[in-house]
Structure formats: structure tokens, C-alpha cells
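Reader: I am new to this structure. Could you take me through it in short steps?

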Amino acid sequence: MKFLILNLLVMFSQATIAFGQKNNLADRYIDSYKQYLGASCPLEKDAIKHFVYFARDRQNMRDHSFLRVGRFEGAQIMYAWRELEPEKDTYDFTIVREDYEYLKAHGKKLFIQFQDATFLPQYKAIPAYLLAAEYDGGTVTQLDDNGKVEGWVAKRWNPEVQKRFALLMSALGQEFDGKIEGINLQETAIGVTAKVDASFTPEKYVQGLKANMLSLKKAFPQSTTMQYANFMPDEWLPYDDKGYLRALYAYGEQIGVGLGGPDLMYTRKGNLNHTVAMMHESDYKVPLGIAIQDGNYVGTTGSNEVVAKRKNLVPVLHAFAKDFMKVDYMFWVAQEPYFSEDVVPCFAPGEGKK
């Protein structure tokens with residue numbers, strides 16, 4: 001009996017150690033931001049290219065304060081697939097051209113974010129022709145953690161959809177490659193499983209993303225190209241690592257497509273073990289980028305709540321991205337009042353809201 005008890009104690013001890021090691025692995029970067037808490041404004045000059053993100057609110061960049069701040073290279077604007085190709089093989093780049101010319105006139109550059117996914121149940125980003133059976137419906141619903149529809153995403157894993165994407169990128173590149181600063185594809189995180197769409201598998205999704213990355217690079221050999229790669233379906237790092245996210249980062253480095261991600265969240269484990277870890281743990285020749293999006297200025301994500309009494313997180317966000325993630329691009333969302341009250345004073349003292 002004593003021998004049995006002793007064995008059980010040893011097994012329990014080993015299991016406890018293993019559990020602790022796994023927990024330590026997930027927590028390995030949880031305190032990394034603390035070394036940057038001493039960062040302050042104004043921000044030191046750096047080699048990062050800073051852009052202001054306006055999402056689909058392209059009109060808001062007109063006469064915006066960022067135009068007067070020299071350290072901001074330009075604006076990042078989101079354009080939906082359906083806007084750029086309203087009908088099959090009919091391309092309309094009017095709004096892109098307008099924004100490019102406006103920014104150029106103000107000494108700024110355009111960075112395109114291509115939209116093929118939405119987080120609004122009532123809005124699909126793809127053209128109507130892609131909804132046909134020829135493209136297996138072209139798009140599929142995204143579900144949140146509670147199984148509710150939260151938006152739509154193009155079937156990036158469908159070869160016929162990939163062909164249409166490649167043709168659009170080719171046309172877009174013919175006019176804007178070398179003129180715009182860059183173009184990025186939306187995040188890899190999607191709420192899709194085989195239960196939602198029978199044609200979907202994680203492996204097909206990886207291959208589909210790679211195909212789109214290659215098409216993007218071929219269409220834009222001069223301008224910066226970037227894939228936002230944050231989370232992948234059926235994988236959760238660091239424990240359930242099936243190599244999906246790592247494969248995208250390796251492939252981007254291989255073909256010359258930069259890697260980025262939305263939401264600079266330096267205290268959230270999920271972000272730390274995915275986008276942050278991918279960038280921190282390797283050295284890249286391709287450019288890396290990180291977006292500060294709605295809510296990030298107060299340490300959350302997707303929040304429109306106005307926090308009046310707050311600490312300015314911009315210095316820590318900047319220092320963490322610069323030194324820990326080693327990024328080449330930062331995309332600062334124009335969310336108010338944070339942009340005027342926190343961001344601008346750090347980049348251009350005296351220009352912010354008094």
C-alpha cells in the first residue's frame with residue numbers, strides 16, 4: 001500500500017510540474033510590456049512608417065489633423081471587393097484613385113486594406129456575381145463563440161474564388177503598384193468550421209491563404225504587400241500548435257509578403273501567443289506591421305466606450321511594437337477622442353487637443 005501511495009504521489013507531482021510548465025509557456029510574455037512602462041511622450045524618432053487607419057470611413061481623412069503631422073506617412077483605407085469589382089470583370093477604382101490623389105496632394109501616401117470579410121451580419125463584402133453556384137456561393141457566415149452569425153467571409157479556400165481574387169489584384173496592381181505605399185489582406189481569424197461549410201478544412205484554408213498571398217505579391221512587386229495573420233481555425237497556440245499560423249509566416253518570408261495583425265493588445269494571452277510571438281521569436285526580411293484598432297487605446301478591443309480618465313497608452317504601445325515586436329509599420333486608428341488627445345500630442349507636441 002505504501003508503495004502504491006508513493007507511486008501515486010510521484011505521478012501527481014510529475015503531473016503538477018507538467019501542468020505548471022504548460023502554464024508557464026502560455027504566460028511567457030505576459031509581463032513583457034512592463035519593461036516599457038517608462039516610455040513617455042513625445043515619442044523618439046524611429047524608422048517605423050506610421051499610418052492612420054480610417055477603415056471604411058474614407059471621407060473622414062479629408063482635412064484631418066494627421067495631414068499636418070509630418071511623422072504620419074499617410075492613411076490606411078479599407079475598400080470592399082464589391083466596390084472594386086461591382087460586376088464580373090468590370091473594375092471600378094474611382095474611390096481608390098480619388099484617395100490616392102488627395103493624399104498625394106498633401107504629401108501623404110495611401111495604404112490599401114482589402115476587404116473580403118465583414119463583422120456585420122447584414123453586409124457582404126464580395127460582389128453579387130460571386131454568390132453563384134459556380135463559386136459555391138462565394139461566401140459563408142462567420143459565427144461567434146455563441147454560435148450566432150457575426151458576419152461573412154469570402155470562401156478563401158475555394159479555387160474559383162481565388163482565381164477571381166487574382167484577376168482583381170492584377171488589375172489593381174497594374175494601376176497602383178509602385179504608387180501606393182502598400183496593400184494588406186484582412187486578418188486570417190475567421191469564425192468558420194466544417195459544420196458551417198462542408199467544403200472547409202483548416203488545411204484547405206492555409207493553402208487558400210497562401211494562394212492569395214502569392215497572387216497579391218505577383219500583382220504588387222513594388223509596393224509593400226502584407227497579410228494580417230493573427231489566429232487560425234482549429235489551432236490555439238502555444239499548446240495546440242498544428243503549424244498553420246507558422247506556415248503563413250514562413251511562406252510570407254519566402255515569397256516576400258509582409259506579415260501583420262490587428263489589435264495591439266500587449267496584456268492579452270491570445271494576442272501574445274499568436275501575432276506577438278510570431279514576430280518576436282524570429283527575424284524577418286519582409287516588413288512587419290501592427291494595427292492599433294478601436295479599443296486598443298484603453299487596453300480593450302472593439303470598444304467604442306469613451307474613457308475620460310485614463311492613462312495615455314500610446315508610449316507603451318509604440319515602445320512594445322518597436323522593440324519587442326520589431327515592426328516596420330504601425331497603423332493608428334483615428335478613434336476619437338483618443339487620436340486627438342493621446343496620439344497626436346505624442347507625435348507632434350502642441351498639435352493635439354488642448
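Predicted model: local features only at pLDDT ≥ 70, side-chain atom pairs only at ≥ 80, totals over all residues.

Reader: Which element gives the most to the lining of the second largest cavity?

Author: The lining residues are Trp 81, Asp 116, Ala 154, Arg 156, Val 161, Gln 162, Phe 165 and Asn 212. Helix H4 spans residues 159–176. With three residues, the largest contribution to this lining comes from H4.

Reader: How do the residues of that lining divide by class?

Author: Trp 81, Ala 154, Val 161 and Phe 165 are in the lining, and they count as nonpolar. Asp 116 and Arg 156 line the cavity too, and they count as charged. Gln 162 and Asn 212 complete the lining. The division is four nonpolar, two polar and two charged.

Reader: How much space lies in the largest cavity?

Author: Its lining consists of Phe 114, Asp 116, Arg 156, Phe 165, Leu 185, Gln 186, Leu 209, Asn 212 and Gln 227. By class, that makes four nonpolar, three polar and two charged residues. The space inside is about 70 Å³.

Reader: In what order do the eight strands close into a barrel?

Author: The pairing is parallel. Strand E1 (residues 49–55) pairs with strand E11 (residues 329–333) over five bridges. Between these two strands, Val 52 stands opposite Trp 332.

Reader: What does the twist average from one strand to the next?

Author: From each strand to the next, the twist averages 25 degrees.

Reader: What angle does the direction of helix H4 make with that of E3?

Author: H4 packs on the sheet. There the helix touches strand E3 (109–115) and strand E7 (182–185). Its direction and that of E3 make an angle of about 170 degrees.

Reader: Which residue meets Lys 269 in a salt bridge?

Author: Side chains of opposite charge can pair when their charged atoms come close. The count of salt bridges comes to 23. In one of them, the N to O distance to Lys 269 is 2.7 Å. The partner is Asp 27.

Reader: How many residues apart are Asp 27 and Lys 269?

Author: Asp 27 sits in the loop between helix H1 (2–26) and E1. Lys 269 belongs to helix H7 (residues 269–280). The pair links distant parts of the chain, 242 residues apart.

Technical notes. Residues numbered from 1 in each chain as written. Heavy atoms only, no water. Pairing = 2+ DSSP bridges. Helix = DSSP H or I, 4+ residues; strand = E, 2+ residues; numbered from the N terminus. Axes fitted to C-alpha atoms, helices over the stretch in contact; angles between N-to-C directions. Contact = heavy atoms within 4.5 Å. 1 Å grid on protein atoms, 1.4 Å probe; cavity = no way out; pocket = protein on both sides within 12 Å on 5 of 7 lines; lining within 4 Å. Points joined across faces, edges and corners; volume = space filled by probe spheres on them. Salt bridge = Lys/Arg side-chain N within 4 Å of Asp/Glu carboxyl O.
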